Each structure stands twice: as C-alpha cells, then as structure tokens.
Amino acid sequence: DNSSEFIPKCRICRRQAREQSGERDHHEGLSSDEELTPTEVEEFQKSKDNVLEDSRKIFEDVHADFCDIRKILLKFQEWKEKLPDSYCDAYISFCLPKLLNPLIRVQLISWNPLEQNFTELEEMPWFRAIEEFSDAENVSES
C-alpha cells in the first residue's frame with residue numbers, strides 16, 4: 001500500500017492502536033495529528049481558567065471612566081465638540097486604536113469563534129460603541 005508512505009508515523013501508530021482495541025467510532029480524516037489525552041485537556045482547561053481569572057483582575061483598580069470603552073469614547077467626543085482644533089491637532093483618530101487595543105483584547109480573551117454559541121464581533125458592546133463613535137464623527141465632519 002503506497003498511500004501509507006505519505007501518512008505520518010504517529011497517525012499510523014494511532015490507527016493500529018484503534019484497530020487492536022476494536023474502536024469503531026473513529027472516522028478517518030476527522031481527527032487531528034495531535035489528539036489530546038484527558039490529562040492534557042484537564043491541564044489546558046486549568047491554564048485557560050487561570051488566564052480568564054487573571055484577565056478579570058487587570059482593570060479592577062482602574063476608575064470606571066477609564067476602563068469602559070463607551071465612556072472613554074464619550075470623553076473624546078466631548079473633547080472634539082468643545083475644542084475641535086486641539087482634538088484635530090492631537091491626531092486622535094490615529095491614537096484611538098492603540099488606546100483601545102488593550103481594553104478590546106481583554107474582552108476578547110474568552111471569545112472563541114469556533115464554539116457553537118459564540119457572539120459575533122458586531123454584537124459585542126465594544127464594537128457597537130466604536131461604531132457609534134465613528135458614526136458620530138462622520139456626522140460631525142459632514
């Protein structure tokens with residue numbers, strides 16, 4: 001059988017182990033080359049839970065006005081309305097992505113688009129806040 005020379009050895013070993021154990025649930029092509037053991041899955045889940053727990057603590061000592069994207073954008077909108085020349089001279093449109101990046105990244109830590117019930121990016125509160133801010137900027141410019 002020449003086709004087996006193109007199959008990685010680890011896959012051949014797993015196939016032989018399945019055949020010897022009588023496993024019938026396997027569908028060829030649906031498994032990855034690196035099937036995780038229950039211990040590896042448990043370690044991954046524990047590590048993931050630790051990261052999520054740590055991410056909740058990142059902004060716990062920050063004033064609410066400076067860790068909520070909507071409130072931050074509202075302050076920039078007020079600045080633009082009150083002092084448009086200063087706002088323009090500060091090149092805020094170039095600064096906002098760098099400013100908001102850490103806040104958005106923290107909110108995306110647990111986001112997984114491969115899950116069945118994942119939230120679309122467009123439905124996330126931070127996305128809507130940026131969209132509203134962009135719409136308000138476009139209206140005021142025109």
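1. Helices (H or I, at least four residues) and strands (E, at least two) are DSSP runs, numbered from the N terminus. On that basis Ser55 is found in helix α2, which covers residues 38–57. The model is predicted: local features need pLDDT of at least 70 and side-chain atom pairs count only at pLDDT 80 or more, while totals for chains, interfaces and linings use all residues. Residues are numbered from 1 along each chain as its sequence is written, and side-chain values use heavy atoms, with hydrogens and water left out.

2. Overall make-up. The chain has six helices and zero strands, and along the sequence the pattern reads α-α-α-α-α-α. Accessible areas come from the Shrake-Rupley method with a 1.4 Å probe, and for residues only the protein chains shown count as cover. The chain exposes about 11,500 Å², of which carbon and sulfur atoms supply 53%. Buried means under 20% relative accessible area, exposed over 50%, and partly exposed in between (1.4 Å probe, protein chains only). A contact means heavy atoms within 4.5 Å. Taking contacts in the chain between residues at least 6 apart in sequence, 50% join residues at least 24 apart.

3. Ser55. This residue of helix α2 counts as buried, at 10% relative accessibility. With neighbours within four places in sequence left aside, Ser55 is in contact with Val106 and Ile109.

4. The nonpolar core. A nonpolar core is a set of buried Ala, Val, Leu, Ile, Met, Phe, Trp, Tyr and Cys residues joined through side-chain atoms within 4.5 Å. The largest one has 14 residues, and Ile69, Leu73, Phe76, Leu96, Leu100 and Phe133 are those with the most contacts inside it. Two or more residues each come from α3 (69–82), α5 (92–108) and α6 (125–141). Helix α5 gives the largest share of this core, five residues. Not counting residues up to four places away in sequence, Leu100 touches Ile69, Ile72, Leu73 and Ile130. As background, nonpolar side chains tend to be buried together in soluble globular proteins.

5. Aromatic pairs. Rings of Phe, Tyr and Trp (its six-membered ring) pair if their centres lie within 6.5 Å; planes under 30 degrees apart count as stacked, over 60 as edge-to-face and the rest as tilted. A search of the whole structure finds five aromatic pairs. One of them joins Tyr91 and Phe94, a tilted pair at 6.0 Å centre to centre with 40 degrees between the planes. Trp111 and Phe118 have ring centres 6.2 Å apart and planes at 70 degrees, so their pair is edge-to-face. Tyr91 counts as exposed at 53% relative accessibility, and Phe94 counts as exposed at 61%. Trp111 is partly exposed, with a relative accessible area of 27%, and Phe118 counts as partly exposed at 29%. Ring pairs also link Phe76, Trp79 and Tyr87 into a cluster; Phe76 is listed above among the core residues with the most contacts.

6. Backbone at Tyr91. Tyr91 sits in the loop between α4 (84–89) and α5. Its phi is near 50 degrees, a positive value in a residue other than glycine. Most residues other than glycine have a negative phi.

7. Salt bridges. A salt bridge is a side-chain nitrogen of Lys or Arg within 4 Å of a carboxyl oxygen of Asp or Glu. The whole structure has two salt bridges. In one, the side chains of Glu53 and Arg56 meet at 3.1 Å, N to O. Both residues lie in helix α2, three residues apart, about one turn of the helix. Glu53 is partly exposed, with a relative accessible area of 38%, whereas Arg56 is exposed at 56%. In the other, Glu132 pairs with Arg70, and the closest N and O atoms are 2.6 Å apart. Because Glu132 lies in helix α6 and Arg70 in helix α3, this pair ties together parts that are 62 residues apart in sequence. Glu132 counts as partly exposed at 44% relative accessibility, and Arg70 is partly exposed at 39%.

8. Cysteines. A disulfide is a pair of cysteine sulfur atoms within 2.5 Å. The structure holds zero disulfides. Cys67 is partly exposed, with a relative accessible area of 24%, and Cys95 is partly exposed, at 39%.
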